[in-house]
Amino acid sequence: MAGQSIADTLGAPLDRESPTPIFAQIRARLEDTISSGDLVAHQRIPSERQLSDRFRVSRMTVRQALDALTRDRFLYSLPGKGTFVADRKIIEQPLQHLTSFTQDILARGMRPSSRLLEGRIVQASFEMARLFGLAPTVEIVQVTRLRLADDEPLAIEAVHIPSALVPGLLDRDLAAESLYLILGRDYGLALVGARQTIEAAEPTVEEQRILGLDGPRPVLRISRLTHDANGHVVEYARSVYRGDRYHLTVELR
Ligand code: 16G
């Protein structure tokens, strides 16, 4: 759809008597047009001039609306090219069932992938040994992966598992295969439940770089203690998820 015709579909004239500021009304109008699918990801939106003609407001008012939408990641601009609709593919993790990253992403019709950032064996700290109910000297396999959905970075996950449960785990292709699948298939570890803690946080500079964030945008720090049918903790995972792409939903009854 050409820029001008989208401007034509942006709806009725603005309500100049309304207590809602004009820029906020324009913002809402554009947001609705994006949500309804009339403007799709990576499509160029009408220029500031077209929008100011369409709404009969100053370009400054239009810019205020566009700035707010850009800040909230509905739009992005390319210098010299214009302003475009951002790809806000949001991934939701329902919190009722224990699922793996691979399952969560496949369920959304997207392609999961991983990059191995680090794989090593460490000696458990006192604190970590306590989480597993083991002696402090126990060895732990630590696997850190960047998790991607449709090739876009979504999370950094550092998983810890007592070495004795998973001999040879570091020799597996942990970038290509689901960890939960490997644990079940190759080690007979059936994970039945987890306790998960979620915190809003600011990413470190390193995390911003790995997640491809263009600034200190909020992230979700998630810790998961996953256990088997006997209640033994098998996995302690610490993850950093992009807050703009990952939502957690809870069904309340
Ligand atoms: C999820 C889990 C993580 C687990 C991973 C296995 C959260 C916060 N974390 O990402 O604990 O290790 O799934 O995924 O949900 P995989 O089987 O695809 O490797």
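This is a predicted model: local features need pLDDT of at least 70, side-chain atom pairs count only at pLDDT 80 or more; totals for chains, interfaces and linings use all residues.
## The shell around the ligand

The ligand is surrounded by 18 residues, and the closest are Thr-102, Glu-157, Ser-178, Leu-179 and Glu-235. A residue is near a molecule or strand if one of its heavy atoms lies within 4 Å of it. Sorted by class, the shell holds seven nonpolar, six polar and five charged residues. Here Ala, Val, Leu, Ile, Met, Phe, Trp, Tyr, Cys and Pro count as nonpolar, Asp, Glu, Lys and Arg as charged, and the others, Gly among them, as polar.

Which element gives the largest share of this shell? β9 does, with four residues. Helices (H or I, at least four residues) and strands (E, at least two) are DSSP runs, numbered from the N terminus.

## The cavity that holds the ligand

The ligand sits in the largest cavity, which means that more than half of its atoms lie within 2 Å of the cavity's grid points. On a 1 Å grid over the protein atoms alone, a cavity is a set of points where a 1.4 Å probe fits but cannot get out, while a pocket is an open set with protein on both sides within 12 Å along at least five of seven lines; lining residues have an atom within 4 Å of a point.

The count comes to one cavity of 30 Å³ or more, and the largest cavity has about 230 Å³ of space. Grid points are joined across faces, edges and corners, and a volume is the space filled by probe spheres set on the points. Of the 21 residues that line the largest cavity, Phe-101, Glu-157, Tyr-180, Arg-224 and Tyr-241 are the closest to its centre. Two or more lining residues come from each of α5, β5, β6, α7, β8 and β9, and β9 provides the largest share, four residues.

The largest pocket has a volume of about 380 Å³. It is lined by 16 residues, with Arg-73, Tyr-76, Ala-86, Asp-87 and Arg-242 closest to its centre. Strand β1 (residues 75–78) gives the most to this lining, three residues. The lining has nine charged, four nonpolar and three polar residues.

The second largest pocket holds about 250 Å³ of space. Among its 15 lining residues, Ala-158, Glu-207, Arg-238, Ser-239 and Val-240 lie nearest its centre. β6 gives the most to the lining of this pocket, with four residues.

## How to read the values

Residues are numbered from 1 along each chain as its sequence is written, and side-chain values use heavy atoms, with hydrogens and water left out. Local features need pLDDT of at least 70 and side-chain atom pairs count only at pLDDT 80 or more, whereas totals for chains, interfaces and linings use all residues.
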